[in-house]
Amino acid sequence: MSHDHATACEDRRDVTLLTPRLRLRPPVEGDARTIHVALSDFEVTRMLASVPWPHALEGTYDFIAGTREKMLAGESLPLALELRTREASGLIGIVEMRGLKGDPDIGFWLARPHWRCGLMSEAVSHVLAHAFETYGFETIRSGAFAENAASIGLHRKLGFTITGTSRLFCKPQMCDLQHVDMVLSRGDFRPTSLAA
């Protein structure tokens, strides 16, 4: 992988990607309280399928431990987003590549104070570039609830195409919601600027 847009160590535990404004690295136990604060905002959590509501701090520690186990087993690549500025104050979101052993998909969320700044497009683009180059995937799945127009727009901007809709249970809202299913092929990928 080119060091112009990302740095990836051989050891899965030490994968770090650098974007123009972000550092992406595996979440650690010290991120738990920051994650908890971000996911205690219902406007963030209501668009996530599997996050319980109300959000509990204990569940955050379980999430970090679980993603760590999956990462070490080569099943997923969870990455915490940090701003690279001097005044940065810790984690602001998560991007996770799952299904690394056969059916890859990507999911992500960003704390509300950082919405509408292009940060998530930047992060997701770099993770997708890393996934295509490192793992040799031809396609990567993703999706968003139909009412999450911002997420659908982000996907389309990066080259995802809509393959259909489905019904998916949303834990925070405790009901089935319409879900827009999408897929990205290597050839359709439209990365953002990858210069770090």
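A: The protein chain has an accessible surface of about 9800 Å², and carbon and sulfur atoms contribute 51% of that area. The model is a predicted one. Of the 196 residues in the protein chain, 45% count as buried. Five helices and eight strands make up the secondary structure, and their order along the sequence is β-β-α-α-α-β-β-β-α-β-α-β-β. Among the contacts with a separation of 6 or more, 64% are between residues 24 or more positions apart.

Against this background, the charged pairs can be taken in turn. Side chains of opposite charge can pair when their charged atoms come close. The structure holds eleven salt bridges. One of them joins the side chains of glutamate 147 and arginine 46, at 2.9 Å from N to O. Because glutamate 147 lies in the loop between strand 6 (139-145) and helix 5 (149-158), while arginine 46 lies in the loop between helix 2 (42-45) and helix 3 (57-72), this pair ties together parts that are 101 residues apart in sequence. Glutamate 147 is partly exposed, with a relative accessible area of 46%, and arginine 46 is also partly exposed, at 21%.

Aspartate 105 takes part in a salt bridge with arginine 98, at 2.6 Å from N to O, and in another with arginine 141, at 3.9 Å. Aspartate 105 is buried, with a relative accessible area of 13%. Its two partners are partly exposed: arginine 98 at 33% and arginine 141 at 37%.

A further set of salt bridges, linked through shared partners, joins Arg23, Arg25, Asp31 and Glu82 into one network. Arginine 25 belongs to strand 2 (residues 22-25). The side chain of arginine 25 makes a polar contact of 2.5 Å with that of aspartate 31, and another of 2.7 Å with that of glutamate 82. Arginine 25 is buried, since its relative accessible area of 8% falls under the 20% limit. Leaving aside residues up to four places away in sequence, arginine 25 touches Val15, Thr16, Asp31, Pro78, Leu79, Ala80 and Glu82.

Strand 3 (residues 77-83) pairs with strand 4 in the antiparallel sense over six bridges, and leucine 77 stands opposite methionine 97 of strand 4. Strand 4 is also antiparallel to strand 5 (residues 105-110), again over six bridges; here glutamate 96 has glycine 107 as its bridge partner. Six residues lie between strand 4 and strand 5 in their hairpin, where glycine 99 takes a positive phi near 65°. Strand 4 (residues 91-98) is mostly covered, with seven of its eight residues buried.

Cysteine 170 is in no disulfide, the nearest cysteine sulfur being that of cysteine 175, 6.2 Å away. That distance is too far for a bond, because a disulfide requires two cysteine sulfur atoms within 2.5 Å. Cysteine 170 is buried, with a relative accessible area of 0%, whereas cysteine 175 is partly exposed at 28%.

Methods:
Residues are numbered from 1 along each chain as its sequence is written. This is a predicted model: local features need pLDDT of at least 70, side-chain atom pairs count only at pLDDT 80 or more; totals for chains, interfaces and linings use all residues. Side-chain values use heavy atoms; hydrogens and water are left out. Helices (H or I, at least four residues) and strands (E, at least two) are DSSP runs, numbered from the N terminus. Buried means under 20% relative accessible area, exposed over 50%, partly exposed in between (1.4 Å probe, protein chains only). A polar contact is a pair of N or O atoms within 3.5 Å; within protein, one must be able to donate a hydrogen and the other to accept it, and residues adjacent in sequence count only if both atoms are side-chain atoms. Contact means heavy atoms within 4.5 Å. Accessible areas come from the Shrake-Rupley method with a 1.4 Å probe; for residues, only the protein chains shown count as cover. Two strands pair if DSSP finds at least two bridges between them. A salt bridge is a side-chain nitrogen of Lys or Arg within 4 Å of a carboxyl oxygen of Asp or Glu.
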